[in-house]
Amino acid sequence: MTELVEAVDLTRYFDLGRNQRVHAVENVSLSVGEREIVGLVGESGSGKTTFGKTLVGLHAKSSGVVTFRGEILPQKYHPADFQRLATKMQMIFQDPYSSLNPRMTIGEIISEGLKLHTNLSAGSLKEKVAEWLEQVGLKADHMSRYPHEFSGGQRQRIGIARALILEPEFVVCDEPISALDVSVQAQVINLLGELKERMGLTLLFIAHDLSMVRYVSDRMAVMYLGSLMEVGKADEVYFSPKHPYTEVLIGSNPEADPKLERNRPSTTIQGEIPSPVNVSPGCRFSSRCPKAMDHCHKVTPELIVLKDVDRQVACHLYT
Amino acid sequence: MSDAAIAIETSPALLEVKDLAVEFDTYGGVVKAVRGVGFKVEQGKTLAIVGESGCGKSVTVQSMMGLIPMPPGRITSGTARLRGREVLGRNTIDGKQIRGAEVGMIFQDPMTSLNPTMTIGDQIAEPLQVHKGYSYRRAFDEAIRLLELSKIPEAEKRAKQYPFEFSGGMLQRAMIAMAISCRPSILIADEPTTALDVTIQAQILDLMHDMQRETGMAIILITHDLGVVARMADEVAVMYAGKIVEHGTVSDIFYKSAHPYTLGLKEAMPTNDPSKQHELKPIEGSPPDLFSAPRGCGYCARCPYAMQICEKGHPDSFIVGERHSSCCWLHHEDSTCRPEDLYFRDHG
């Protein structure tokens, strides 16, 4: 499989002043192959969204590079870069309530990208928007309505239409379903799946619902406090996690099956994700890790490839 | 008085709710948020109320706690008896007695449900001063003990801090400490872990479980997460469009689902059984508009098994097992398709 998007040692800091620095994403290397779906999981505050936004250029990179089809993308996007790259990379945002401009009609929201990037006439713009509204399961006459007239699931579909109308190759889906009810989640997931097949999309699927990520993705990447902990095939990572953090994360995910759920060993860990401000050296997870050794608090483990399985793990247990 | 005494004798249930209906006046008309809900809660047991947003699960428990703003809200019918004592309605509610003392409640969003201008310790001490007449000093010491019980490290220092100094998980612990401060017989948890990460969710659920074992209180757990239900519940009530559509023990609901909506919910979720790989089957459409409550079954517009009768009248509650009931016309003796058939058709 050829790589479509590749991040190498991607880092994004946010300076707070007074010598305080948020290590939101640090030295993350992750590649996404053509037509692949990579799921990115982790607790809130682990840098998933920052990684996604940096990947598509919504944040400037503090260091590291992102390549798209081998081309190195600019460190900081200028308007011309957005103009050029927006037709290739798009993003679907998490909160369908705050990511649509309440003062624009649905037609204006969805067609805005097309207007900027193509020379279509008003008539054909309208046709295209109507076609996309139908594609995402809405009606063409919804075009003249405003976002507040739609439910959460419908708004998420509008967000999907807006991102996909430019027919991008790569889409970052930032928690596209976490604001939705269970019955509607499946609708949106199946819609994304269909569109992926039809358009040959490549997706980075950011979520914290582990069961859903396993279901959706080919590969799964686990992030903690700005660093990658484990990367591998989604099923394999889910059923035989190698990194202690992945074990804890998957063990805490409640299964919708009382017998299974009540009979499995408890993997609850104490404590919470530490602050990402001025992170100390050593493994990011060492403060909560049940298997931490002295070594772990001092030296940051590299992401290494395990020999016998197709898996990358950043943990001293394997070095 | 004598009625209440009889109720205590005959009903083993700690809380019994019957035929509860709640409406709200809005600019758009009257919303019938809860349309005849009934359930029982027993000592030391956990009842989970499951449903989508807008199905009326929060309104149900808020009306019992006297937390519905009236107006615009209105309880149009129903009774809720706690140890045989009526708690519904303005005239019968002695709010202070019920809230905090008899029933503790924790809310979905710990960030906005605590007072930002009071220290955590003072907030936990307040119900003790109000309900138990403790002095401030004694209540504050008790608050520290409760924080320790909720496994908050450095409780003494934390008690003097304000909510903004706490993380989401810690605030939820503080809220649990406050809810159980007066040793309530029921703890109502309205989506207690929805705003939290899975690792923190596991900690909070464990804490609630431990507290229940120690104090023997009953828990009403409101959630939309079937995983949380599987972990915590003894009994489950599935709500849809303001009504309970299925009620049973946790294994009835998960392994012998009798209502098409419950089945639909399970089909719409990915399973983690490696031997089974099923396609996600979404429930098409969206819940009905409760401005004009449907005449028949609220689910019939989305139900793949809907029959003509479903549009015409709301089904009664049919007994399908020892403690298992389902509101669906498929259970009627004249129905050609049995719910067992549905279940086996979908699960091979």
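Guide: We will take a few features in turn, with the general idea before each case.

Guide: This is a predicted model, where local features need pLDDT of at least 70, side-chain atom pairs count only at pLDDT 80 or more, and totals for chains, interfaces and linings use all residues. Residues are numbered from 1 along each chain as its sequence is written, while chains are lettered from A and ligands numbered from 1 in the order in which they are written.

Visitor: What is the mean pLDDT of chain B?

Guide: pLDDT is the predictor's confidence in each residue, from 0 to 100. For chain B the mean is 84, and 89% of its residues reach 70 or more. Over residues 1-11 of chain B, though, the pLDDT is below 50. For the complex, the predictor gives an ipTM of 0.81 and a pTM of 0.84.

Visitor: How many helices and strands does chain B have?

Guide: Helices (H or I, at least four residues) and strands (E, at least two) are DSSP runs, numbered from the N terminus. Chain B has 14 helices and 12 strands.

Visitor: Is strand β9 of chain B mostly covered or mostly open?

Guide: We call a residue buried if 20 or more other C-beta atoms lie within 10 Å of its own, exposed if 12 or fewer, and partly exposed in between, with C-beta atoms placed from the backbone. In chain B, 49% of the 348 residues count as buried. Strand β9(B), residues 235-240, is mostly covered, with six of its six residues buried. One side carries B:E235, B:A237 and B:M239, and the other carries B:V236, B:V238 and B:Y240.

Visitor: Which strands pair with β9(B)?

Guide: Two strands pair if DSSP finds at least two bridges between them. Strand β3(B), residues 46-50, pairs with β9(B) in the parallel sense over four bridges, and there B:I49 stands opposite B:A237. Strand β10(B), residues 243-249, runs antiparallel to β9(B), joined by six bridges. In that pairing B:V236 stands opposite B:G248. Two residues lie between β9(B) and β10(B) in a hairpin, and B:A241 in the turn has a positive phi of about 50 degrees.

Visitor: What should I know about phi?

Guide: Most residues other than glycine have a negative phi. A:R69 has a positive one, about 50 degrees, although it is not a glycine. A:R69 sits in the loop between β4 (63-68) and β5 (71-72) of chain A. Because A:R69 has 13 C-beta neighbours inside 10 Å, it counts as partly exposed. A:E175, with a positive phi near 45 degrees, is in the loop between β7 (170-174) and α6 of chain A. A:E175 has 21 C-beta neighbours inside 10 Å, so it counts as buried.

Visitor: How do I check the span of helix α5 of chain B?

Guide: The expected span is 1.5 Å times one less than the number of residues. Helix α5(B), residues 120-132, has 13 residues and reaches 19 Å from its first C-alpha to its last, close to the 18 Å expected. Its buried residues include B:I120, B:I124 and B:L128. After α5(B) comes B:G133, with a positive phi near 65 degrees.

Visitor: How many residues does each chain give to the contact?

Guide: Two residues are in contact if their C-beta atoms, placed from the backbone, lie within 7 Å. Chain A gives 31 residues and chain B gives 34. On the side of chain A, the largest share, seven residues, comes from α6(A).
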